[in-house]
Structure formats: structure tokens, C-alpha cells
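Have the viewer open as you read.

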Amino acid sequence: MKRHWEWAVLVFACFTAAWVSTLAYGVYRGGGPDELGLYNPSYMVSHYGRATYPIFFQYDATIIHPPIHTGTIGLLNYLGFTWYYAEATPVVLWFLLAIWVVVRGAFPATVKLGLLFGIAFLMSVGPRAGFMYFGTRPEGHVEAAWLAGLLLLEDGRLREWNAPRLFAGALALMWASAVHYYATAAVAGVAVYLVWCVKDLGWQAARPRVRALIAGAAVFAVPYLAWYVLPH
């Protein structure tokens, strides 16, 4: 019976990955003014190597949004991706990571199927879902990275507080918190697991895990603060 559940998870994970890819790369996304306007900093990155926003009179940096999403699109443009594929790929990669964590994680099979169902179907609700998740706006990037980070942290806890999983989860949550200003609170999830770890293991046993959580967040937070937040 357990093997049947494992096969069910694997099959549904493949379907979910295919569904994410179809929504990202196989439908007309439409969009609005933001879809065109937010391509401006991506274009500047791909052609001039700097995330500026001339159409919003920002000639030194992009500050209307943090430059993570538009900058990533610009880098993919530079590598040869067309606009349509470049704007969807960062979100697809984070969702694929989330799917991989679900399949390989220490969650019960029923929980895995529930998580995969959420990724596969809830993201496609509404007529503008493809645009909202895979366009030049950063909402889909925030949600996919946040989900992947939470899954990594919970998987780390279930694996008796596995330090590499905790490090990766903290890094993903810090990344998600930097993709848009309103998402800054996402990194609070690291603090939740830090306190939980200390309460569960005691300070002495928790120290390596605490270091992993702090290091995971700091690996992204320090350059983000030094190169973007403080100068601008």
C-alpha cells in the first residue's frame, strides 16, 4: 500500500510540474500597463548591465520595486531568453523546487498530495492567473519562493532539524522577502523556526541549527542591504 501511495505522489508531481510549465509557457498572459512598464528595468539590465527605470525618471536604480524579479528577467534576456520565457522562468524554477521538496520531503503521502494539489490548481484560479503568476509583476515570484522556503524549513524540522534544509529554507524566505516591499515580513518565518528549534532541542543541541538558519538568511540579506537598501 505504501508503494502505491509513493507512485501516486510521483505521478501527480509530474502532472503538477507539467501544469505549471503549461501555465507559464503555453498560454497567452495578456497583462496591462505594468506588463509593459516593468519590462523597462529588465531591458536596461539586459542591454546596459544596470537595473534603472528611465520611464519612471529613475536613472540610478530601480526603486519602485526591488530589482530582484525584473533584474532576473533582464539577466535571462541577456542569456538569450525571449521576453515571454524570461519573465516566467524565475517563478517556474521556484515552483519546481517546491514540487521537488514535496516529493523528496519527509511529509506523509496524503500531505504531499494535498500540497501538490494546491500548487497545481489554486494557482490557476481566475482568468488572469497566468499573468499574475508569470508576468513582469513580482507576485508569483514572491509566492513561489515563499512556499519553497516554508516547505524546506518544515522538511528540515521533520528530518530532526536537518541543518542544510534549514539553511536552504532560510535563504529562500529571505529571497522571497526581498522580491517586493510588502513581502518583507516573509523572513519572519525564519524566526519562528529558530525559536521552535531552541524550544524543541534546547540551546546546546540547537546551536548548529540556529547558525544554519542565521547564515541562510544572511547569505542573501547582507548583499541585498549593502548593494540596494542602504545606497538607495
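First, some housekeeping. This is a predicted model, with local features needing pLDDT of at least 70 and side-chain atom pairs counting only at pLDDT 80 or more, while totals for chains, interfaces and linings use all residues. Residues are numbered from 1 along each chain as its sequence is written, and side-chain values use heavy atoms, with hydrogens and water left out.

**Helix pairs**

Helices here are DSSP runs (H or I, at least four residues) numbered from the N terminus. Axes are lines fitted to C-alpha atoms over the stretch in contact, with angles from 0 to 180 degrees between N-to-C directions.

| Helix pair | Axis distance | Angle |
|---|---|---|
| α5 (residues 83-104) and α8 (residues 139-158) | within 8 Å | roughly 20° |
| α8 and α10 (residues 188-201) | 11 Å | about 5° |
| α9 (residues 163-179) and α11 | within 7 Å | roughly 30° |

Start with α5 and α8, whose axes cross at roughly 20°, so α5 is roughly parallel to α8 (angles under 35 degrees count as such). Their crossing is left-handed, that is, the near helix is turned anticlockwise from the far one by less than a right angle, with clockwise giving right-handed. On the α5 side the contact (heavy atoms within 4.5 Å) includes P90, W94 and F95, and on the α8 side H141, L151 and D155 are among the residues involved. By class, this contact has 14 nonpolar, two polar and one charged residues. In that scheme Ala, Val, Leu, Ile, Met, Phe, Trp, Tyr, Cys and Pro are nonpolar, Asp, Glu, Lys and Arg are charged, and the others, Gly among them, are polar.

Helix α8 also packs against α10, at an angle of about 5°, which makes this pair roughly parallel too. Here α8 brings L150, L153, E154 and R157, and α10 answers with G189, Y193 and W196. Those residues split into four nonpolar, one polar and two charged.

Then there are α9 and α11, crossing at roughly 30°, so α9 counts as roughly parallel to α11. This crossing is right-handed. From α9 the contact takes in F167, M174 and W175, among others, while R209, F220 and Y224 are among the α11 residues. The class count is 16 nonpolar, one polar and one charged.

**Pockets**

Rolling a probe the size of a water molecule over the atoms shows where empty space is left. On a 1 Å grid over the protein atoms alone, using a 1.4 Å probe, a pocket is an open set of points with protein on both sides within 12 Å along at least five of seven lines, and lining residues have an atom within 4 Å of a point. Volume is the space filled by probe spheres set on the points, which are joined across faces, edges and corners.

The largest pocket has a volume of about 350 Å³. Of its 17 lining residues, P67, I68, Y224, W227 and Y228 lie nearest the centre. Both α4 (68-78) and α11 (203-229) give two or more residues to this lining, and α11 has the largest share, with six. Eleven of the lining residues are nonpolar, four polar and two charged.

What lines the second largest pocket? Ten residues do, with W5, E6, V9, V103 and K112 nearest its centre. Its volume is about 210 Å³. Helices α1 (2-25) and α6 (109-121) each supply at least two lining residues, and the largest share, five residues, belongs to α1. By class, the lining has seven nonpolar, no polar and three charged residues.

Note on methods
Parallel < 35°, antiparallel > 145°, perpendicular 65-115°, else oblique.
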